[in-house]
Amino acid sequence: MKKLFLVLVAAFAIVVSANAQSNALGVRLGGGQGFGAELSYQRALKSSNRLEFDLGWSSHDHYTSVSLNGIYQFTGEIGSGFGWFAGVGAHVGFWTWKNEYIKDSDSDVAVALVGQAGLEYKFSAVPIQLSLDIRPRFYLIPDTDFHWGDIALGIRYCF
């Protein structure tokens with residue numbers, strides 16, 4: 001009975017550790033045409049794809065925005081903890097432009113299609129993931145426009 005219990009505990013530990021790093025929560029810093037920060041959540045779907053959701057804030061000169069991004073990503077391993085990812089998704093942003101000097105302001109909603117590509121590293125000793133990516137956007141609303149995006153650094157806790 002004791003051996004059976006130990007075998008079940010060991011099997012449970014293997015299953016938990018195999019599934020332990022399928023999700024990640026952290027921040028994505030940079031981007032947003034100035035200083036931008038996003039709360040970032042990744043949810044694994046299978047071993048080679050996942051969803052990423054980012055709630056962001058950005059500020060640059062007289063411009064401030066809040067945004068939500070949802071991206072379907074394909075992932076792959078390069079080796080030694082390094083991996084790559086690429087995906088497509090959607091962006092919804094709310095922005096405000098305000099200039100105190102000329103007493104002018106404007107605000108609007110932006111909707112865009114986004115792409116994302118990058119590299120990541122998962123540490124083997126600690127459940128931390130670092131990533132470096134670029135996220136270009138093709139705006140549909142309020143006007144059609146293309147923005148190459150900015151490079152951002154992601155730091156996430158894997159669980």
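Author: Helices and strands are here DSSP runs, a helix having at least four residues and a strand at least two, and they are numbered from the N terminus. The model to which we apply this is a predicted one.

Reader: What percentage of the residues of the protein chain count as buried?

Author: A residue is called buried when its relative accessible area is under 20%, and exposed when that value is over 50%. Of the 159 residues in the protein chain, 30% count as buried.

Reader: Is Glu 120 buried or exposed, and with which side chain does its own side chain make a polar contact?

Author: Glu 120, whose place is in strand S6, has a relative accessible area of 7% and is therefore buried, since the cut-off for that class is under 20%. The side chain of Glu 120 makes a polar contact, at 2.9 Å, with the side chain of Arg 50.

Reader: Which residues gather in the patch of negative charge on the surface, and which strand gives the largest share of the patch?

Author: The negative patch on the surface is formed by Asp 104, Asp 106, Asp 108, Asp 143 and Asp 145, and its largest share, three residues, comes from strand S6, which covers residues 104–122.

Reader: Where is Asp 143 found, and is Asp 143 buried or exposed?

Author: Asp 143 is found in the loop between strand S8 (137–141) and strand S9 (145–147). Because its relative accessible area is 56%, and the cut-off is over 50%, Asp 143 counts as exposed.

Definitions and conventions: Residues numbered from 1 in each chain as written. Predicted model: local features only at pLDDT ≥ 70, side-chain atom pairs only at ≥ 80, totals over all residues. Heavy atoms only, no water. Patch = residues over 30% accessible without salt bridge, like charges linked within 9 Å, V, L, I, M, F, W, Y side chains within 5 Å. Areas by Shrake-Rupley, 256 points an atom, 1.4 Å probe, with all protein chains shown as cover. Salt bridge = Lys/Arg side-chain N within 4 Å of Asp/Glu carboxyl O. Lys, Arg positive; Asp, Glu negative; His and termini not counted. Charge placed at Lys NZ, Arg CZ, Asp CG, Glu CD. Buried < 20%, exposed > 50% of the residue type's maximum accessible area, 1.4 Å probe, protein only. Polar contact = N/O pair within 3.5 Å; in protein donor to acceptor, adjacent residues only side chain to side chain.
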